[in-house]
2 protein chains.
Amino acid sequence: MKFGILGSGMVATTIGAKLIELGHEVMLGTRSPDKLRDWAAQVGGKAQIGSFEAAARHGDWLVNATSGSGALEALKLAGEANLNGKILIDISNPLDFSQGMPPTLFVCNTDSLGEQIQRTYPQAKVVKTFNTLTAALMVDPQSLSEGEHTLFICGDDPDAKAQVIEFLSSEMGWRDVIDLGDISSARATEMLLPLWIRLYMKFGTPRVQFKIVR
Amino acid sequence: MKFGILGSGMVATTIGAKLIELGHEVMLGTRSPDKLRDWAAQVGGKAQIGSFEAAARHGDWLVNATSGSGALEALKLAGEANLNGKILIDISNPLDFSQGMPPTLFVCNTDSLGEQIQRTYPQAKVVKTFNTLTAALMVDPQSLSEGEHTLFICGDDPDAKAQVIEFLSSEMGWRDVIDLGDISSARATEMLLPLWIRLYMKFGTPRVQFKIVR
């Protein structure tokens, strides 16, 4: 399948490398292609690198792996026509580091970044997931506690969510994926970040995950 | 030990009953003693019931089990002199049900109810805990997944936290208690409520808990 990934940070490159390993055609969209030169060499030259617009045009499925503060601008540059009708996996979190650590959220409680993206692009099928854990665990959940931890997913399109869950299960080994409901549930998962960050700071590792015991 | 519990709802009565069972001297403080008549009979007449002020005066340790919206008012009625120097276990959450379900938080992100209470009563030793799970599991963690789930604790007084952790471990069987740091960490645990409530709604049971996998 063709994936367009918006972003050039750890999340974008980790997911990009995994999708390439799985045999997919991946283009990363970025404002700074130079940043990705070393990474592109590491993945054997199999990654395509382009603008946000080129990556969004390339992908059948899209992944928003930009920083929260840059998400809406990146999607604007990607171009609405290149988003419409496509599954858009949104991993971004509305983190505001302007007041130092730990960050606060620039939107929360009565709204979320996931909802802002869905409202701005009503014909994209926004599926919020992967925003509550570190990149290495997104693509290799089995590497922590034999995969005994939970991934949350939400979005307005039930079929899009079902396709994403099937993909994450069959291609990345996710066993416990909880569908929280419509995109307003993104409020709940984005509001998990303050706790996740404090756990990261406490344990000194981002390999910290939530398991929902029930 | 003498406990003063502020509140007359499920959390107050569940914790009260457990503390009585453990042999402690418990007084519940409430505006509506009539509400507690049946419960008092159930616990064999061993519970004392009084005003917020009487319960706070009675307790060596205090438990704030009021609703979030009533917490500061209840503590005011309890009287600052009856709080000073004492461990005050704060279980309240800033839930705002005025817009329907799921509730939002009336304070979050850059402040928390735990911090508001600590700021208002600087000589109380506020220990925030138990606010992220249902009452029945607070006092009997082993009844879900053999206790394999996590309790968070935070507060500014390290010695008070250590005493509470020791108590919860030896008297209620808590094995995995994570000290998140000072009372500002209450932001993170109170912000967990939106997710907890959605999980409760999804699974149709409040017996849903977080385990931190690391």
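Guide: Let's begin with helix α1 (residues 10-21) of chain B, which lies across β1 (2-6), β2 (25-29) and β4 (61-64) of chain B. Helix α1(B) runs at about 165° to β2(B); such angles run from 0 to 180 degrees between N-to-C directions, with axes fitted to C-alpha atoms, for helices over the stretch in contact. Helices (H or I, at least four residues) and strands (E, at least two) are DSSP runs, numbered from the N terminus. Helix α6 (residues 113-120) of chain B also packs on the sheet, where it touches β4, β5 (87-90) and β8 (125-129) of chain B. The direction of α6(B) makes about 170° with that of β8(B).

A word on the source: this is a predicted model, in which local features need pLDDT of at least 70 and side-chain atom pairs count only at pLDDT 80 or more, while totals for chains, interfaces and linings use all residues. Residues are numbered from 1 along each chain as its sequence is written, chains are lettered from A in the order in which they are written, and side-chain values use heavy atoms, leaving out hydrogens and water.

Now the sheet itself. In chain B, eight strands form an open sheet with mixed pairing, in the order β3-β2-β1-β4-β5-β8-β9-β10. Its edge strands are β3 (48-50) and β10 of chain B, each pairing on one side only; two strands pair if DSSP finds at least two bridges between them. From one strand to the next, the twist averages 25°.

Next, the neighbour. In all, 33 residues of chain B are in contact (heavy atoms within 4.5 Å) with 33 residues of chain A. Between chain B and chain A there are eleven residue pairs in polar contact, both at pLDDT 80 or more; this means N or O atoms within 3.5 Å, one able to donate a hydrogen and the other to accept it, and residues adjacent in sequence count only if both atoms are side-chain atoms. β10 (177-181) of chain B is among the elements that each supply at least two residues of the side touching chain A, and α10(B) gives the most, with six residues.

Ile212(A) has Phe210(B) as its bridge partner.
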